[in-house]
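Trainee: I would like to take a close look at one part of this model, namely its charged side chains and the way they pair.

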Amino acid sequence: MSTLLHIDASARTGRSGIDPHGSHTRRLSARFVERWRAARPQDRIDYLDVGARPPSHVTGAWIHAAFTPPDAREPWMGEALAESDRLVDQLIAADLIVVGVPMYNFGVPAQFKAYIDNIVRVGRTFGFDRARGEVPYWPLLVDAGKRLVLLGSRGDFGYGEGERIAHLNHTEASVRSVFGYMGIMEVHELAVEYDEFGGELLAQSLVQAEHAVDRLVDHLSARHVQFIMENA
C-alpha cells in the first residue's frame with residue numbers, strides 16, 4: 001500500500017464545470033485522485049486544503065524554535081512547531097504528492113507559500129552542518145522515492161517552457177526548486193491556460209489538461225506496479 005498526499009491551494013472553492021466560479025486546479029486534482037483511487041483502491045489518500053485552511057505563517061518565534069537543536073528546545077518551542085511537525089510528518093509519509101496550485105500574479109498563492117515555509121525544516125527535510133564547508137546544506141528526502149505532481153491553472157497563455165512568456169512563470173519553477181531542495185526530484189506538471197479568455201480557448205485547454213491527467217495517472221500507476229514487482 002502506498003500513500004498519496006492530495007493538496008489543494010486554490011482560494012476558489014468547488015470545482016470548475018460543477019460549481020459556479022469553481023477552481024480549475026481543484027477540478028484537475030480531484031480527477032487525478034479519483035482515477036488513482038480507481039486504479040489503486042488499496043492506497044491511502046491524505047487530503048490537505050491549504051487554500052481554504054492555510055497553515056500559520058512563519059514567525060520569529062517559529063524560526064528560533066526550528067533552528068534550536070531538538071534536545072535544547074524549551075516547551076514553548078514544541079508548541080510553536082507543532083503544526084509544522086504535523087505537516088512534515090504527513091509529507092514524509094507520502095509516496096506521491098499531488099498539488100493543485102494555480103498561478104497568482106506569476107507565483108504561488110500565499111496560502112501555499114505558508115505551507116512551503118512550514119515543511120522546509122532544518123533537521124527534518126534538509127540537513128545543515130557548518131563543518132561541511134561551502135555547501136553546508138543537503139536534502140534529507142533524496143532517497144525516499146517520492147514523486148510530485150503539479151496541476152496548475154493560468155489566466156493567460158504561453159507560460160510553458162520555450163513559449164512567449166515562460167520567463168514570467170514563477171509558479172512551477174519555484175515549487176520544483178523547493179521540493180528539489182528537500183530531495184524530491186521527480187516532478188510532473190501540466191496546467192490549464194486561457195482562464196481570463198474563457199470561451200472555446202479555455203474549454204479546449206481544460207479538455208487537453210484532463211486528458212493529460214488521465215495519461216499521467218495511467219503512466220505513474222503502471223510504473224508503481226512495476227517498481228513493486230521489481231523490489232518484491
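Are Asp-43 and Arg-40 buried or exposed?

Mentor: In this predicted model, Asp-43 is buried, and Arg-40 is buried as well. Their side chains meet in a salt bridge, with a distance of 2.6 Å from N to O. Side chains of opposite charge can pair when their charged atoms come close.

A second pair joins Asp-46 to Arg-44, where the closest N and O atoms of the salt bridge lie 2.9 Å apart.

Another salt bridge is the one in which the side chains of Glu-193 and Arg-154 meet, at 2.9 Å from N to O. This pair links distant parts of the chain, 39 residues apart, since Glu-193 sits in the loop between strand 7 (186-192) and helix 7 (199-230), while Arg-154 sits in the loop between strand 6 (147-153) and helix 6 (172-182). Glu-193 counts as buried at 11% relative accessibility, and Arg-154 likewise counts as buried, at 9%.

Beyond these pairs, a network of salt bridges links Arg-27, Arg-31 and Arg-35 with Glu-210, Asp-214 and Asp-218. For the structure as a whole, the search finds 19 salt bridges.

Note on methods:
Residues are numbered from 1 along each chain as its sequence is written. This is a predicted model: local features need pLDDT of at least 70, side-chain atom pairs count only at pLDDT 80 or more; totals for chains, interfaces and linings use all residues. Side-chain values use heavy atoms; hydrogens and water are left out. A salt bridge is a side-chain nitrogen of Lys or Arg within 4 Å of a carboxyl oxygen of Asp or Glu. Buried means under 20% relative accessible area, exposed over 50%, partly exposed in between (1.4 Å probe, protein chains only). Helices (H or I, at least four residues) and strands (E, at least two) are DSSP runs, numbered from the N terminus.
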